[in-house]
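Visitor: I'm new to reading protein models. Could you walk me through this one, a feature at a time?

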Amino acid sequence: MIQFHTPHYPTLRKADRDLLGTEGPELVRPYLGLWPDTRPTPLLSMPEVADAVGVRQVLIKDEGSRLGLGSFKALGGAYAVMTIFRKRLEDHLADTVSVAQLITPTARKFAAGMTFCCATDGNHGKSVAMGARILGCRSVIFVHEGVTQARAEAIGADRVLRVKGNYDVSVAEAQRVSAERGWVLVSDTSWDGYEDIPSLVAQGYTVLSTEALSQIAERSLQPPTHVFLQAGVGGFASSIAVNLGENLGHDNIKTIVVEPERAACLYVSAKAGRLTAFPPAEPTIMAMLECYTPSLVAWRILDAVVSAFITVSEEDARHAMRKLAFRDEPIIAGESGAAGLAGLLAATGDENVRARLGLNETSSILLINTEGATDPASYENIVGLSPERVLQGVMPAGRIEKTAEFKFNRKGDRP
Ligand SMILES: Cc1ncc(COP(=O)(O)O)c(C=O)c1O
């Protein structure tokens, strides 16, 4: 399903542009110095996909190794935790505090009395817990009943509390309990009256798009004309879309939002012309995108910058994961990580969509693999091999590469 949308960049608020534009990553980077591993993530070219779908270039930023946490989310939650902590410490000491001073014995003493909290599908909670751990604060993370045991255990928080119900219910529960206990809620989704902290989380993500643009410039590649961004509540897509638009000029890049058809809250919002919740029915394997209510700030931004909202099926996501795995240079993508590629394949398989979005042999596509195999058992189940075996270049038994079948079909059939 696709909902075309007319962007109206002039309605983007100055505050959102300032937060997520060219200055955004400059504010985030000093905090990255507190992490043990701050190497940039790779930007890879996928010429076989470009060929198959009839565009000039497909680039993919692989966030699977980001800060050792397995997803781009490492950049957001931890940064928000550190920024909030710094402000609280400055108020407490009635003095300015540098980033380096956030881990001094004085800071640690203050940190011992602070607890950070959030709801998560997995990746955001991992980031919040890591930020708290680096500082010496406590973390309590809420997960809903659909989060697999493997993902819950990987969060690494002091406490992980399981809530009956879906993601939206866990968000409400984290809000209620944190208010009751005086914990600091670092949510990646926003609502009326709670916008500042999710905006900080989104600012953290801008590091990755700016890094991708530097890598593109260093290698003298064509800058992206289209970016396909997978969305849960929309914080990620809004952040990257604004950052790319502010860097490249909003008229020079089209943003396409990709959601699972089973949890398409932004798609239904675009259709309705206002923020709208999606009625939950069946869970999706794209677990990190399983959100039924858009983030208020993200919707406001996406409404101003997006050219189309498209949905992908469960099989589309599985196909994209395998496509990323079985290539000369394998890319390990979890179900949600592969959704951007699934969106590109869906869009380019339809003549009308290609024409409306100007997807042709001059187009340069940017995709972001937002996560690695964050649930290795589920990855192996879908791909047929463990991430380690895929990286060794092994092919699953019985697999026949059907390149011809995948080739872009000029009649407009979906690959
Ligand atoms: C791997 C991955 N991709 C994409 C998203 C979507 O981000 P957002 O919920 O900000 O839209 C998430 C969110 O948790 C995620 O973990």
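Predicted model: local features only at pLDDT ≥ 70, side-chain atom pairs only at ≥ 80, totals over all residues.

Visitor: Which domains is the chain divided into?

Guide: Domain bounds come from an automatic or database domain assignment. Here we get domain 1 (2-71 + 203-404) and domain 2 (77-187). Their centres, taken over C-alpha atoms, are 26 Å apart.

Visitor: How many residues of each domain are in contact with the other?

Guide: Contact means heavy atoms within 4.5 Å. By that rule, 23 residues of domain 1 meet 21 residues of domain 2. There is also buried area, the accessible area (1.4 Å probe) that two parts lose on being put together, summed over both. For these domains that is about 2,100 Å², with 62% of it on carbon and sulfur atoms. On the domain 1 side, Tyr 31, Leu 34 and Leu 69 lose the most area, together 35% of what that side buries.

Visitor: Is Met 82 buried or exposed?

Guide: Buried means under 20% relative accessible area, exposed over 50%, and partly exposed in between (1.4 Å probe, protein chains only). Met 82 has a relative accessible area of 0%, so this residue counts as buried. You'll find Met 82 in helix H4 (residues 77-93); helices (H or I, at least four residues) and strands (E, at least two) are DSSP runs, numbered from the N terminus. Setting aside neighbours within four places in sequence, Met 82 touches residues including Tyr 31, Leu 34, Trp 35 and Leu 102.

Visitor: How do strands pair?

Guide: Strands of a sheet pair through backbone hydrogen bonds, either parallel or antiparallel. The rule used here is that DSSP finds at least two bridges between two strands.

Visitor: What handedness does the β-α-β unit of S4, helix H6 and S5 have?

Guide: Point the strands away from you: a crossover is right-handed if the path from the first strand over the helix to the second runs clockwise. S4, helix H6 (residues 123-135) and S5 form a right-handed unit. From S5 through helix H7 (residues 149-154) to S6, the crossover is right-handed as well.

Visitor: Why is S5 largely enclosed?

Guide: Because 6 of the 7 residues of strand S5 (residues 138-144) are buried.

Visitor: In what order do the 7 strands of the open sheet come?

Guide: The order is S1-S10-S9-S8-S11-S3-S2, with mixed pairing. Strand S1 (2-4) and strand S2 (43-45) stand at the edges with a single partner strand each, so one side of each has no neighbour in the sheet. S1 and S10 pair in the antiparallel sense over 3 bridges, and Phe 4 has Ala 308 in S10 as its bridge partner.

Visitor: Where is Thr 311 found?

Guide: Thr 311 sits in strand S10 (residues 306-312). With a relative accessible area of 4%, Thr 311 is buried. Not counting residues up to four places away in sequence, Thr 311 touches Met 1, Glu 259, Pro 260, Glu 261, Ala 264 and Tyr 267.

Terms used: Residues numbered from 1 in each chain as written. Heavy atoms only, no water.
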